[in-house]
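I opened the notebook to record what I looked up in this structure, entry by entry. The local details come before the overall shape.

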Amino acid sequence: MSEQPKKQEKDYTPEVDAALPGATSLAKSGKLQEGLEKLLALEKQTRNGADAKSTTRLLSAVATLCYEAKDFNLLNNNLNLLSKKHGQLKESVKVMVELAMGWLDDVRAKQGEQTWLELVETLRTITEGKIFLETPRARLTLILANFHERISQDPKSAPPAKPDPATGKAPPTPTPFESLQKASDLMSELQVETYSSMERKEKTEFILEQMRLLVLVAKEKDKEAKASKEKAAVSLTGDKKVLAADGEAEWIKVRVGGRKVHEGFISEKGNEDLKLKYYDLMIQFALRHSSYLDVAKYFHKIWDTPMIKEETEGRGKEALENIVYYVVLAPHDNEQSDMINRLYVNPALSKLELHYNLVKCFITKELVRWPSIEGIYGPTLRQTRVFLSGNEDGDRRWEDLHTRVIEHNIRVIALYYNRITLTRLTSLLDLSAKETEEILCRLVVSGTVWARIDRPAGIVTFRKRETPEDILNAWASDVGKLMSLVEKSWMEMNAALAVKQRS
C-alpha cells in the first residue's frame, strides 16, 4: 500500500477507455479470465504511474465483471489480490471496497447467506488495520454483529458451517449465548470514538449499539450466574461446585461506553432517538446496581425531551410516574432531597393526584404509617412494572419503599423528640425492637441522624449533649442579635423624633 502519494507520471485514460469494452465483451462471451487478465495487466501500469482515476476505474471494473458473472470465489480472490498489490493507491482500494459493500444486500437475497458471509469476511480482511478504511470496516462489523445476534435469537436460521479442510468435519454449532457473545465482541473491538472520518452521529450510534449488546450479554450472564447459585450444592467431601461468573465485567464496559456519549449532542434537536436509546440503556445499568436516584435522573432526562413531554397520556405520563417511583425509592441525602422538592412544586405532577400525594408524604414533616401507605397506594403501585407483585425485582423494590418510609419517620421523630423510649419508637414505626435498632444504626452510620441508644434504660436520644462552650457560643450569638435589634430600634426612634421636631 502506498504510504506517500506519488505524483502522477502519465494519464492512462485513453488506454483504459479502449480496454474496458473489450474486457467486458470477453467476460460476457464466457472468457472472464481473459478479460480480467487484460485489465490486471493495464492496472499494473496505471498503479505504477500513480494514475488514481484510471486505477480506480480498473479495480471497479474487475470487481464488477466478477460480480456480474456470479463467480464469487473469483471476486473474493481478486478483491484480496488487488488490495495487496505493491504501491496500491488508497483511494482506489476505498472505492473498490465501497462498491463491493453495495452488493451485499443483493448477494444475501439471491446467493444465500453463506456466500454473503464469505464476501463480508473478505471485505473485513481487506479493511483490517487500514486507517483510511476504518469507517467501512466499522460498518461491515456492524452488519456481521447483527447477523450473529439474529443467529442467537433463531439458531435454525444459521447457514451450514463449512467442514474443516484438515479434519473434514464441520465445527460444532454455536449456542445462542455464544452467538450473542460473538456479536458483542465484534462490536467491542471498534474504537469509533477515535475515527476522524466518521460523522459524530454515526459514532454515537455505534457506541450505543456496543452498549446495547453488552447489556444483553450481561443480563444473560447474570441469569446464568443466578441459576448456578440456586443449583449449587455442597458434596459430602465439602467441595463446592464452580459457580458461573456474573456479568459485572460487561456492566463496567457499559458504564465506560456511556461516558463516551456526549449528553449535550444527543440533546440537540434531531437526535431525540439517540437520547432515548442512551438513557434507556443507562436506566438498565443503574437498575442493575439499585442506583435509584440515577434512575430517577435518567427518567427526568427522558421526560424533559419535548416529544415525550407533549405526550401527556403516553410516554410522558409514564416517564413522570417513574421519576416519582424512583426518587422516593432513593436513599435520603442532599441531592435526593433537592430533586424531590423540585418535583413536588412542578405543575405537571399536580395532574397526577395519586403520585402527587405520594411525594407529599415524603415532603411533609409528619409521620407516615406503613399500613396506610399499603392501603392507599398499594393496589395501584403493585400493578406497575416497578413494584409488580410476584416479581422478584418488584417485591424487592416494595420492601425498599417500606424501608424509605421507616427512614422518613425516624427523621421526623428526630426532628420533634429529644428523647424517646424504645417501646414508643417501635410502636410509631410499626416494627420490632430489633428491626428498629438495625435501621436506626444504619441511619446513624450514614450520617442522616444523630442518635444514641441506652439499652438498659430503653431510651433513644436524638440530641447531642451540648458542651459549656456550645452554650456560651449560642448565648453570645443571641445577645449579639438582641443588641442589633436595640440599636436599630434606637436609630428609628431618633429619626422619628427628628422629623417630629422639624414639623
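**Entry 1, around α2.** I began just after helix α2, where A50 takes a positive phi of about 60°. Before going on I noted that this is a predicted model, in which local features need pLDDT of at least 70, side-chain atom pairs count only at pLDDT 80 or more, and totals for chains, interfaces and linings use all residues. I also noted that residues are numbered from 1 along each chain as its sequence is written, and that side-chain values use heavy atoms, with hydrogens and water left out.

Helices here are DSSP runs of H or I with at least four residues, strands are runs of E with at least two, and both are numbered from the N terminus. Helix α2 covers residues 32-48, and its 17 residues reach 24 Å from the first C-alpha to the last, close to the 24 Å expected at 1.5 Å a residue (the expected span is 1.5 Å times one less than the number of residues). I listed L32, G35, L36, L39, L40, L42, E43, T46 and R47 as buried in α2, where buried means under 20% relative accessible area, exposed over 50% and partly exposed in between, with a 1.4 Å probe and protein chains only. These buried residues pack against α1, α3 and α4 (72-83), contact meaning heavy atoms within 4.5 Å.

I then looked up how α1 (residues 13-28) and α3 (residues 52-68) pack, and found an angle of about 5° with axes 11 Å apart; the axes are lines fitted to C-alpha atoms, for helices over the stretch in contact, and angles run from 0 to 180 degrees between N-to-C directions. The two helices are therefore roughly parallel, since angles under 35 degrees count as roughly parallel, over 145 as roughly antiparallel, 65 to 115 as roughly perpendicular and the rest as oblique. On the α1 side the contact is made by T13, V16, D17, L20, A23, T24 and A27, and on the α3 side by S54, R57, L58, A61 and L65.

For α21 (residues 422-429) and α22 (residues 433-446) I noted an angle of about 90° and axes 9 Å apart, which makes α21 roughly perpendicular to α22. Here L422, L425, T426 and L429 of α21 meet A433, T436, E437 and L440 of α22.

I found N80 in helix α4, where it counts as partly exposed at 22% relative accessibility. Not counting residues up to four places away in sequence, N80 touches T122, T125 and I126.

P171 lies in the loop between α8 (134-153) and α9 (176-188), and P171 is partly exposed, with a relative accessible area of 45%. Leaving out residues up to four places away in sequence, P171 touches A161 and K162. As for α8 itself, 14 of its 20 residues are buried, so α8 is largely enclosed by the rest of the structure.

Buried residues make up 41% of the 503 residues.
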